[in-house]
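Thank you all for making the time this morning.

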Amino acid sequence: MKVHPFLLFITAPAVLLTVLLTGGCKPQNPTTAVEGDAAGKVYVPPGKYDEFYNFVSGGFSGQVSVYGLPSGRLLRSIPVFSQDPQTGWGYSEETKPMLNTSHGFVSWDDSHHTALSTTNGEHDGRWCFINGNNTPRIARIDMKTFRTAEIIEIPNSSGNHSSPFITENTEYAIAGTRFSYPLDNQGANADVPINSYKQNFKGTVSFIGINPQSGNMDIAFQVLLPGVNFDLSRCGRGPSHDWFFFSCYNTEQASTLLEVNASQKDKDFIMAVNWKKCEEYAKAGKGRKDKVRYAHNVYDEKTHTATSTIKTDVVVLDPKELKDIVYFMPCPKSPHGCDVDPTGQFIVGSGKLAAIIPVFSFDKIIKAIADKNFEAEFEGIPVLKYDAVLHGEVKKPGLGPLHTEFDGKGFAYTSFFVSSEIVKWNIEKLEVVDRVPTYYSIGHLCVPGGPTRKPHGKYVIAYNKITKDRYLPTGPELTQSAQLYDISGDKMKLLLDFPTIGEPHYAEAIPASLVSPKSVRIFKIEDNNHPYVAKGEKEAKVFREGNKVHINMTAIRSHFTPDNIEGVQLGDEVYFHVTNLEQDWDVPHGFAVKGASNAEILIMPGETCTLKWVPDRVGVVPIYCTDFCSALHQEMQGYVRVSPRGSSVALTSGTGKTN
Ligand code: K7E
Ligand code: CUA
């Protein structure tokens, strides 16, 4: 008998384990799970395009990868929080500031959730937001360039997990702290015993305002909350537009052995926050200003250069004083996903240790608030009565529910980690109508447009935690994996497995037609305002400022100008500012220097990028283009002469000159 993979990975409380060991939740034989016409449904012939882009979070890889659907072909990996030597992201002088934080340069993060911008609750194809979990940050990717355009750090936060979900018109992206802790404004008073969690640890959720034209982010306000763990969130839709919903666990307020100590209570909470009211209070000056430090990093397309600004205050709203902004609803048990259906009427809480899925009714929530139908207060915040806000429970859905997506036809699709399956159920009737195994142990899932008012439907994609026996072995780590299912009929049908980069958590899929027509093809050289641009070979030059040597250089098929540089001395810092003069689409040039300790740079048409190089020895050092750009690409090279400090060799440069 095969051991089910979850047994190797989960250490659940004993009660649950007993259920698991006796319950029969074995996936069917994988080889029988695919039907004969599956290949045709995912086959995208050579030269044809996929119907959807799938923006998949990279987990511990800190990037976002983009796949075509239904083919599962990898189209692009976008560096966000992680340095990328292939493109120079985080290594070039222009992009280093993007990874600045209040802790200094942080070149990695753990990214779990993508959020695509919406207008009126529908995809608009403008931006993709992604959270950094570890050093709390939110990044915005510009879908015109598939590049990270902005990163903002979140103060008063530790573990930015319930993030960066957005409101219907992309008014706000959300950032809820996973770990409560003594907040930043505590300063030296934060030196407290860990077991004083209940007294000293607090949480916050932050609302990051988004400029409707530029997309630029700014922290509008934070809501101060009791010390618990905030896990996931979703904005309301339609009737619930003004609200945001969050799952909370560890309402036991444990600081050690959470697998046991945070699994004590039968119910934790879903938290409802009225962000419209918060916005009013913030505007009316009802918040306090906290002294904090956080970095705000913006990449400017005109100069192809990022700047990092450290900001020092944030507005904090206290729901103990502002009584009508936050409510708790009891939710069984240690909820993870907290998902809102396309009508905005139903809120699904996925209790990891619960035997049912509770579905809350927005109308009932509003009524219970109006009637003050509270069962208690939790640290000054009203707790609504469970029965008063419940639409109903899905009975015996599966084991270990995590996340739910929607098809817009009245059905929900919930992922079950422990029983390793996707379960389709009817939202109104709360009846399970179909289930399919996943291989194995699904985390998030995605229906294209699933978190919008108008899901695009067609597929559900499973992002699995364990692949076990699905792929050729590649050493001790097997590839992470996604699976594509057809949901166009009554029954879900497995079509395809495809490997992913990093560990996929949440992902969104969007019709290519909303994105590809806007894709930037070149950067116009006239519009290039980089301070060291050379807009033609005549503008190329080399000059010295103290021990800094600047080389304003051009690249065009198939030479650099200048390509012979003399007069660099040991102890100099050399800045190669390379402008790619090409104005054809998809003709990048690369640039690399022997012995450079950072990376190469890859310069897009019309763009300027800077590689800093500190020579470590005297000699003549080759430079070359790394991107096979023409038949004479191998000729695209040059030399830099490095002389001893104090040498009399003059600073000169040229291309095609024989000395
Ligand atoms: Cu369920 Cu970090 Cu959204 Cu992963 S989280 S699975
Ligand atoms: Cu330019 Cu190869």
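Let me begin with a term: a polar contact is a pair of N or O atoms within 3.5 Å, where within protein one must be able to donate a hydrogen and the other to accept it, and where residues adjacent in sequence count only if both atoms are side-chain atoms. In that sense, the side chain of Thr404 makes a polar contact with the side chain of Thr414, at 2.9 Å.

Before going further, please keep in mind that this is a predicted model, in which local features need pLDDT of at least 70 and side-chain atom pairs count only at pLDDT 80 or more, while totals for chains, interfaces and linings use all residues. Residues are numbered from 1 along each chain as its sequence is written, chains are lettered from A and ligands numbered from 1 in the order in which they are written, and side-chain values use heavy atoms, with hydrogens and water left out.

Staying with Thr404, this residue is found in strand β26, residues 401-406, where strands are DSSP runs of E with at least two residues, numbered from the N terminus. Thr404 is buried, with a relative accessible area of 1%; buried means under 20%, exposed over 50%, and partly exposed in between, with a 1.4 Å probe and protein chains only. Leaving aside neighbours within four places in sequence, Thr404 is in contact (heavy atoms within 4.5 Å) with residues including Asp339, Val348, Trp425 and Leu445.

Let me turn to the aromatic rings. Rings of Phe, Tyr and Trp (its six-membered ring) pair if their centres lie within 6.5 Å, and planes under 30 degrees apart count as stacked, over 60 as edge-to-face and the rest as tilted. How many aromatic pairs are there by this rule? The count comes to 26. One of them is the tilted pair of Trp243 and Tyr327, with 6.3 Å centre to centre and 40 degrees between the planes. This pair links distant parts of the chain, since Trp243 is in strand β15 (residues 243-249) and Tyr327 in strand β19 (residues 326-332), 84 residues apart, and both Trp243 and Tyr327 are buried. Phe560 and Phe591 form an edge-to-face pair, at 5.5 Å centre to centre and 90 degrees between the planes. Phe560 lies in strand β37 (residues 559-561) and Phe591 in strand β40 (residues 589-593), so the pair ties together parts that are 31 residues apart in sequence.

Next, the ligand. Which residues surround ligand 1? They are His112, His113, His161, Leu232, His336, His403, Gly443, His444, Lys465 and His505, each with a heavy atom within 4 Å of the ligand.

Finally, the backbone deserves a look: the peptide bond from Tyr439 to Tyr440 is cis, with omega near -10 degrees, and Tyr440 lies in the loop between β29 (431-437) and β30 (442-446). Another cis peptide bond joins Arg557 and Ser558, where omega is about 0 degrees.

Notes: Helices (H or I, at least four residues) and strands (E, at least two) are DSSP runs, numbered from the N terminus.
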